Amino acid sequence: MELHPGVRYLHIGCDEVFQMGECSRCRVVQRDKLFLSHVASVASFVRRKYTHAATNQPVIPIIWHDMLLHFSSQTMEEFRIGELVEPMVRTLTHYRLAMPFGKGSCHKRQNHKRRSVTTK
Ligand SMILES: [Zn+2]
């Protein structure tokens with residue numbers, strides 16, 4: 001973050017998570033909850049630690065939208081995912097931030113959704 005002063009967003013990755021919940025401590029936790037608790041923890045840290053200078057608002061963590069597609073709204077609400085991260089829609093040609101869950105819509109959102117289906 002020191003190398004990128006003034007950034008408004010920070011991509012926290014969390015993509016292609018295949019090895020998770022394998023140790024004896026994590027095996028007892030449901031995989032969805034293990035993943036979302038990690039996302040919530042990292043996103044909360046980013047929001048607490050970094051501020052966007054121009055707006056004096058917390059830096060907004062970004063996560064790939066496809067990593068969240070299979071979770072129920074109830075599970076995501078349990079971990080406050082909608083309040084903590086912005087989903088970034090993945091397409092073959094470019095990336096674009098989606099609007100916060102359930103709020104408004106991106107002017108090209110339908111187009112991006114349709115294209116993103118073909119990426120995986
Ligand atoms: Zn573990």
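Helices (H or I, at least four residues) and strands (E, at least two) are DSSP runs, numbered from the N terminus. The structure is a predicted model, in which local features need pLDDT of at least 70 and side-chain atom pairs count only at pLDDT 80 or more, while totals for chains, interfaces and linings use all residues. Residue numbers start from 1 along each chain as its sequence is written.

**Figure 1. Overall arrangement of four helices and six strands.** In sequence order the elements follow the pattern β-α-β-β-β-α-α-β-β-α. Of the 120 residues in the protein, 17% are buried (20 or more other C-beta atoms within 10 Å of the residue's own; exposed means 12 or fewer and partly exposed in between, with C-beta atoms placed from the backbone). Among contacts (C-beta atoms, placed from the backbone, within 7 Å) with a separation of 6 or more, 58% join residues 24 or more positions apart.

**Figure 2. Helix α1, residues 31-49.** This helix has 19 residues and reaches 27 Å from its first C-alpha to its last, close to the 27 Å expected at 1.5 Å a residue (the expected span being 1.5 Å times one less than the number of residues). Phe35, Leu36, Val39, Ala43 and Val46 of α1 are buried. Viewed down the axis of α1, the buried residues fall within an arc of 90° and so line one face of the helix; the arc is that of the directions from the helix axis to the C-beta atoms. Ser41, Phe45, Arg48 and Lys49 are exposed on the other side of α1. The packing partners of the buried α1 residues are β1 (9-11), β4 (60-64), α2 (73-78) and α3 (81-84).

**Figure 3. The largest nonpolar core, with 15 residues.** Such a core is a set of buried Ala, Val, Leu, Ile, Met, Phe, Trp, Tyr and Cys residues joined through C-beta atoms within 7 Å. The residues with the most contacts inside this core are Leu36, Val39, Ala43, Ile63, Ile81 and Val85. At least two core residues are supplied by each of α1, β4 and α3, and the largest share, five residues, comes from α1. Val85 is in contact with Val39, Ala43, Pro61, Ile62 and Ile63, when its neighbours within four places in sequence are left aside.

**Figure 4. Strand β4 and its pairing with β1 and β5.** Strand β4 is mostly covered, with four of its five residues buried. Strands β1 and β4 run parallel and are joined by three bridges; strands pair if DSSP finds at least two bridges between them. On this side of the pairing, Leu10 stands opposite Pro61 in β4. Strands β4 and β5 also run parallel, and three bridges join them. Within β5, Glu86 is the bridge partner of Ile62, and Met88 is the bridge partner of Trp64.

**Figure 5. Alternating side chains along strand β5, residues 86-90.** Pro87 and Val89 point to one face and are buried.

Figure 6. Most residues other than glycine have a negative phi. Asn56 is exposed, with 7 other C-beta atoms within 10 Å. Arg80 is partly exposed, with 13 other C-beta atoms within 10 Å.

**Figure 7. Cys26 in the loop between β1 and α1.** Cys26 is exposed, with 11 other C-beta atoms within 10 Å. Not counting residues up to four places away in sequence, Cys26 touches Gly21 and Leu34.

**Figure 8. Confidence of the model and residues 102-120.** The mean pLDDT (the predictor's confidence in each residue, from 0 to 100) of the protein is 82, and 76% of its residues reach 70 or more. Over residues 102-120 the pLDDT is below 50. Beyond near neighbours in sequence, this stretch has 20 contacts in the model. Where pLDDT is low, the predicted coordinates should not be read in detail.

Conventions. Two residues are in contact if their C-beta atoms, placed from the backbone, lie within 7 Å.
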